[in-house]
Amino acid sequence: MEIDPVTLAILKGRFEQIADEMDATLFRSAFNPIIAEAHDASHGLYDAENGDTLVQGKSGLPIFVGVMAFAVKAVIRKATAQGGVNEGDMWIFNDPYDGGTHLSDFRLVKPVFRDGKVFCYLASVGHWHDVGGNVPGNYNPAATECFQEGMLIPPVKLYDGGEFRQDVVDILSANSRQPLSLYGDLNGQINAMDLGEKRLNALLDEYGAPVARGALVALKDRAATMMRAQISNLPSGTISAEDWLDNDGIDDVPLKVALDLTIDGDKMILDFTRSSPACRGPVNISRSTTIAACYVALKHVFGEVPANAGVLEPVEFRIDEDSLLSVKAPKPVGGYTETILRLIDVVFQAIAQVAPKSAMACAYGTINALSLAGHRPNGARWVMFSFFGGGHGAHGTGDGLNHGNAPISTATIPPLEILEAAYPIRFTKWALRPDSGGIGYYRGGLGAIYEISLLDKEADVFLFGERGKVPPRGIVGGGDAATNRFYYEQSDGEHTPPMVSKMVGIHLERGQHVRLETPGGGGYGDALTRSPEMVLSDVVQGYVSEDAARSDFGVVFTDAGIVEHAATITLRKERTV
Amino acid sequence: MSGRIVIGVDVGGTFTDVFVYNEDTGQVETTKVPSTRGDQSKGFIEGIMRKVANFGDIRTVVHGTTVGTNALLERKGGRTGIITTKGFRDVLEMRRRDRPETWGLRGEFKPVVSRPDRVEVAERVLSERDFAFIVAKEVKAQARTLAEAGCEAVCVFFINAYANSENERIAVEAVRSVWPTSYVTAATEILPEIREFERLSTATLNAYLQPVVSSYLDRLEQGLDAKGFVGELLIVQSNGGVMGVDTAKDFPVRTALSGPAAGVIAGQAIAAAAGFDNIVTCDMGGTSFDVSLVADGAAALAPQTAIDFGMVVRTPMIEITTIGAGGGSIASVDASGLLTVGPESAGSDPGPVCYGLGNTRPTVTDANLILGRINPDRPIGGKLDRLDVDAARAAIRSNVSDLLGLSEEEAAEAILRLANAKMAGAIRLVSIEKGYDPSKFAAMPFGGGGALHTGALIKDVGLGSALVPRFPGVTSALGCVVADTRHDRVQTVNRLLSDIDAAVLSHNLQAVANVTQQVVTSSGTTFERIDRLFEFDMLYLGQTHTVAVGVDLSEDLTIDSIQAAFDSAYKATYGRLLDGIPVRVMNYRVTVIGRRPVFDMSVFAPVQGKPSQECCTGTRTVWADGAFHEATLYDRLSLAVGEQIVGPAILEQPDTTIFVDPGLAATVDAFGNLVIRLEERS
């Protein structure tokens, strides 16, 4: 059905509002801060036949934008095998190998019926606080099988023909260290699904299913057209980029993420076949997660393309089976965030070679999942769990942002006052990290230093991070950022983990501290061409040390702290040769 | 002798609007003078002088100001220092680790206080107990260093002081003893609420605004004094209430949205008088469309507002949703062939193509012009002599019609439909999305362009009607005259409900309310009555977002009564309760409102109004709903009460143009408002 362009534009806004409002409902009513504050959740509308993404909320976690379609496909496959879906059904699951990401992310999928047929599916995903496994909070860098990471639930019915299945909830609750939090988050997701269905039905009453369906088809076609136009603007040919993960937490060997990107007219091929094979530790990801991560990277580069399946129509993926980027059960996947951040980094590095103006240097590239856990005097368990920030990469139009969130998320960090009020800890430092941004014509944003000391008698510390050995890259001649650093205090002084940014079961006693120093973002362009006044300003602000200003940027200051131009020109000439 | 004249003054970017109300005669007068950039107090005084000979006759001047707003948006506050806890000088710059846009990592942020001006002192408290004591000598030395470096204002902010403010209090005392001016802000005096970044940002912006807003208000007071003014000067706050000028100097951050808030308050009062409890105010300017919801007679307040990326102000402000759709919004066709309107805008300079000031890309105003809805010979605002219809037409032809295969009129109407759809989306966001039924709401347009679009909004959103005030151009100045006095206080509690002593809490709430009431009554204003409102921010243990729970203190609070109030608030918001999970009280909030006597809106009723046929000034061809129509033109201000105009019609007046779409009818009500509804066909 042909839809006139104005109605199409209006319906586009209406559909997006439905998904946005589902996001907002879950964020406000969720129990765990990973959803409520970090917005590690997402909602959307999906195709009735093949599960393709039709519409996705704007405020959810970007990485889910691409991956949710695979979740809906998994449910369609399972339901078809069981004789089809019925009105009033709602499915729940977290299988990371079939439409999932990692075990913490629980999905709800529900068909919306119109005139006796499925019009589309609604889906909700949220990161739950604890789903069992060996480590509270489920970031277990020592896992070698998914069974050590938490419970794995295949698609099962939470509602069967409108009937709520408490027995399913009982199974889930019994397998979590935080059953009340789980129950609260699940209710928040159900609230969001109820609201989405109500809003969608109102829209269908108003416009009719044929017009609404026609609009969804047209929007997908237009997204594909737009993506083709964007690809056509790039020069044809093949470019390559490689980056590395430090290690998998089990074997201390680097893992390669390699991309050969081919532009062929209005088509793009993303070939990852030169990447490492699957590893023993938990940094593997499934094929669907790989595709989703590329979608996020492309959307960062080409901001205007809409959030639906049409975007990936002109893109072909080549990923080896059973590789790091297409893993099968039961290889562990808990640290999937680190690997998808590296995928984004290689796409950025490849794009920088053909379209430097619109490219961004690598961001800090690790989520640094840090947890401190202990027992209160009454025996109750406490788990402080958070992700930490770092610098954004410099880009063709300016310096990188200091202390930003990861490219895969729009998460905010919890206030330290909330953490201190809730847990027996005290922050002793919460500051920018000087000299952590990659040098360049534009400088990378700064990472941060967080120092936490323990007020309780004892606690265990777990860290899952990356970029401890291989720094975030600069582009177009810009420098790399500082690497990730983690220190933990013991009675004989400070130590660093053998895997640098990954460790389980560090034992802390009262008064001892841990300190995380996060990477900045990569630099852009030649540092020796950066305006000396900007370098001076960086020194005055304390972003760059005076030593680095001289050695890295080639800028010389007088004793009074002003730029010595003649000496600067001479020094820069020497350095260039 | 105190006078009997009340004056409202709204200073905008282009014009200063003055609203004069004589309490003796009940008469009102309005005037408009050009705003005086640089020192707005000049235009302010000139405006009043136009209408009042003897300033001694003025009892009250109420002012809606954009001095604070502009200083924030243009980063033109005073140089400010921060004295903070050792280890935490970067809290302001690190924000909550966010970014301005979801897609594309190209954000930038420059905090209003530069890093060298943020200094640390050895100090640390926990929320429950003292940890390290403070040395006043070190604080004084740091303050002197900042002052010598050239800081005009300073903010003292310590971690956890929301719960334990002793160190911060000692430090502030030390700073005040050495600081050369009175521009010293203590973060917990501004906002004793948990969440360090939000508290620091709010307090820092307060300090940053103090030199600018305070000195402006000083000049204003001096200017008024020199003219013999002996009455009270009140300032509109972002929460829609007014405060005394001395309070405004201490808390300038509360003026961040002073001007727009005054407009919403006026809308609320006009609507209440006209018998409308539910309205959506729509202020359409050159680049943006501001929407605010008034439900059951009360404007919606947002607890926190970002003035710009990373510039967070956490004090209650009237919730104003802004979208990029104004008269200057540019229409274009994107790479996939989809028509888009805005957010890119030609603003007011160069402005729409028809202004002839250099822009060649078609805008919403150009579309309105070629469809006959705007009179090219009488542009509003008085800046231009006439509008260039041919240029607007050519721009729409080459940028839209040719690309989409539409006629110029069809293309122009498509631009309007899309702009209307965006405005409708903004209205839905504040109404339907929050569970309000739009058919129970009326749109109230103000500003120059809004009344051209209200008909479409009635049709698109299903709003019940539109209410066009008699003088949409001076709405904000009227709002100053009708606003109540209001003060909000907050205090973090952060305890399980079961651990709370309800009697002690009641006592504390009353004590805070008593102190707040003294602030409200200190300016000497006469009130009809004083209202005290009490609210808790509450949540289930484990959640981080709160629901607002209103409580009634006329009866003694008990744990059970608080739990019951929470249950009903939570159920209303999310539909289901979660049994067995304990409940926590995060903050309490106290609001004291001094209600001003109700302003009699019937002063706007047209006197010696004429029947509609005598107000008819001609006809013009307009395009609407895919066809040409012959619209009748009227002189709006001459219409008598009760007159009805059937669309298509265009009503003109100096400060706005009203388009009554085909199928709609407009009636003049007893207060001079125009009520537009779907035409009832018999």
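These notebook entries record what I looked up in a predicted model with chains A and B.

**Entry 1: domains of chain A**

I began with the domain assignment of chain A, which lists domain 1 (5-225), domain 2 (360-434 + 443-522) and domain 3 (529-576).

**Entry 2: the open sheet of chain A**

I next traced a sheet in chain A. Its 7 strands form an open sheet in the order 2-1-5-4-3-6-7, with antiparallel pairing. Which strands stand at the edges? I found strand 2 (53-56) and strand 7 (163-164) of chain A there, each pairing on one side only.

Within this sheet I looked at strand 4 (residues 105-114) and strand 5 (residues 117-127) of chain A, an antiparallel pair joined by 10 bridges. I noted that Arg107(A) has Val125(A), in strand 5 of chain A, opposite it.

I then asked what lies across these strands. Helix 5 (residues 179-207) of chain A lies across strand 1 (41-47), strand 3 (90-93), strand 4 and strand 5 of chain A. I recorded an angle of about 150° between helix 5 and strand 5 of chain A.

**Entry 3: a hairpin in chain A**

I turned to strand 12 (residues 369-375) and strand 13 (residues 381-386) of chain A, which run antiparallel and are joined by 6 bridges. The two strands form a hairpin with 5 residues between them. In the turn, I noted a positive phi of about 90° at Gly379(A). I also looked up the bridge partner of Leu370(A), which is Ser386(A) in strand 13 of chain A.

**Entry 4: domains of chain B**

**Entry 5: the contact between the chains**

I counted the contact between the two chains by residues: 53 come from chain B and 63 from chain A. On the chain B side, helix 3 (91-94), helix 7 (196-226) and helix 12 (408-430) of chain B are the elements that give two or more residues. Which of these elements gives the most? Helix 12 of chain B does, with 6 residues. I noted that the chain B side divides into 22 nonpolar, 15 polar and 16 charged residues.

**Entry 6: Arg219(B)**

I followed helix 7 of chain B to Arg219(B), which lies in that helix. Is Arg219(B) buried or partly exposed? I recorded Arg219(B) as partly exposed because 16 other C-beta atoms lie within 10 Å, whereas a buried residue would need 20 or more. Leaving aside neighbours within four places in sequence, Arg219(B) is in contact with Asp39(B) and Ser41(B). The C-alpha atoms of Arg219(B) and Gln40(B) are separated by 9.4 Å, although these residues are 179 apart along the chain.

**Entry 7: the largest nonpolar core**

Finally, I examined the largest nonpolar core, which has 384 residues. Val347(A), Phe19(B), Val154(B), Val175(B) and Ile415(B) touch the most other members. I listed the residues that Phe19(B) touches, not counting those up to four places away in sequence; among them are Ile7(B), Val28(B), Val474(B), Leu478(B) and Val481(B).

Technical notes:
Residues are numbered from 1 along each chain as its sequence is written. Chains are lettered from A and ligands numbered from 1 in the order in which they are written. This is a predicted model: local features need pLDDT of at least 70, side-chain atom pairs count only at pLDDT 80 or more; totals for chains, interfaces and linings use all residues. Two strands pair if DSSP finds at least two bridges between them. Helices (H or I, at least four residues) and strands (E, at least two) are DSSP runs, numbered from the N terminus. Domain bounds come from an automatic or database domain assignment. Two residues are in contact if their C-beta atoms, placed from the backbone, lie within 7 Å. Ala, Val, Leu, Ile, Met, Phe, Trp, Tyr, Cys and Pro count as nonpolar, Asp, Glu, Lys and Arg as charged, and the others, Gly among them, as polar. A nonpolar core is a set of buried Ala, Val, Leu, Ile, Met, Phe, Trp, Tyr and Cys residues joined through C-beta atoms within 7 Å. A residue is buried if 20 or more other C-beta atoms lie within 10 Å of its own, exposed if 12 or fewer, and partly exposed in between; C-beta atoms are placed from the backbone. Axes are lines fitted to C-alpha atoms, for helices over the stretch in contact, and angles run from 0 to 180 degrees between N-to-C directions.
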